[in-house]
Amino acid sequence: MYRNLFGEAKPRDFAELSVALEELEMNPEECTATLEECTDEPIASFNGWTAEIIDNEGTILGTLGWESKENLERDLNSLGIDFTVNG
């Protein structure tokens with residue numbers, strides 16, 4: 001899994017997302033996410049559909065880009081995370 005300079009996990013698929021949520025001790029059922037399409041990032045893995053996930057304690061997890069909005073929605077739904085879509 002990709003990690004930024006601060007060591008923060010940046011998942012890019014369902015398996016990595018599950019691990020990152022566990023590492024941060026985030027209960028998926030208490031999280032909400034905002035989805036957004038990124039297309040202008042210089043690093044390809046940052047492009048695609050991304051989610052900013054926040055729990056009721058204010059912990060934030062940002063993802064890298066999923067290939068499609070449908071795949072990201074499916075993964076969030078399977079974890080029980082509510083979401084809204086920007087754009």
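Arg-3 lies in strand E1, where strands are DSSP runs of at least two residues, helices (H or I) are runs of at least four, and both are numbered from the N terminus. The model here is a predicted one, so local features need pLDDT of at least 70 and side-chain atom pairs count only at pLDDT 80 or more, while totals for chains, interfaces and linings use all residues. Residues are numbered from 1 along each chain as its sequence is written, and side-chain values use heavy atoms, with hydrogens and water left out.

Back to Arg-3. At 35% relative accessibility, Arg-3 counts as partly exposed, because that label covers what falls between buried (under 20% relative accessible area) and exposed (over 50%), using a 1.4 Å probe and protein chains only. Arg-3 and Asp-40 are 37 residues apart in sequence, and their C-alpha atoms sit 20 Å apart in space.

So which residue does Arg-3 form a salt bridge with? The partner is Glu-23, and the closest N and O atoms are 2.8 Å apart. This pair ties together distant parts of the chain, 20 residues apart: Glu-23 belongs to helix H1 (residues 14–23) and Arg-3 to strand E1 (residues 2–3). Glu-23 is partly exposed too, at 44% relative accessibility. As background, side chains of opposite charge can pair when their charged atoms come close. The rule used here asks for a side-chain nitrogen of Lys or Arg within 4 Å of a carboxyl oxygen of Asp or Glu.

By that rule the count comes to 3 salt bridges. Another one joins Arg-12 to Glu-16, with 3.9 Å between the closest N and O atoms. Arg-12 is partly exposed at 35%, whereas Glu-16 is buried, at 17% relative accessible area. Then there is Arg-74 with Asp-75, where the closest N and O atoms are 3.1 Å apart. Asp-75 is buried as well, with a relative accessible area of 5%.

Lys-69 lies over the face of Trp-49, at 5.6 Å from the ring centre; to qualify, NZ of Lys or CZ of Arg must be within 6 Å of the ring centre and within 35 degrees of the ring normal.

Next, the largest pocket, which holds about 150 Å³ of space. On a 1 Å grid over the protein atoms alone, a pocket is an open set of points with protein on both sides within 12 Å along at least five of seven lines, and lining residues have an atom within 4 Å of a point. The volume is the space filled by probe spheres set on the points, which are joined across faces, edges and corners. The lining has 11 residues, and Lys-10, Thr-50, Gly-62, Thr-63 and Leu-64 lie nearest the centre. Strand E4 (48–55) and strand E5 (60–62) are the elements that give two or more residues to this lining, with E4 giving the most, 3 residues.

Finally, a look at two loop residues. Glu-57 is found in the loop between E4 and E5 and is exposed, at 69% relative accessibility. Glu-57 and Cys-31 are 26 residues apart in sequence, yet 9.3 Å apart from C-alpha to C-alpha. Glu-25 is found in the loop between H1 and strand E3 (31–38), and it is exposed at 72%. Its backbone stands out: phi of Glu-25 is near 55°, a positive value in a residue other than glycine. Most residues other than glycine have a negative phi.

Terms used
1 Å grid on protein atoms, 1.4 Å probe; cavity = no way out; pocket = protein on both sides within 12 Å on 5 of 7 lines; lining within 4 Å.
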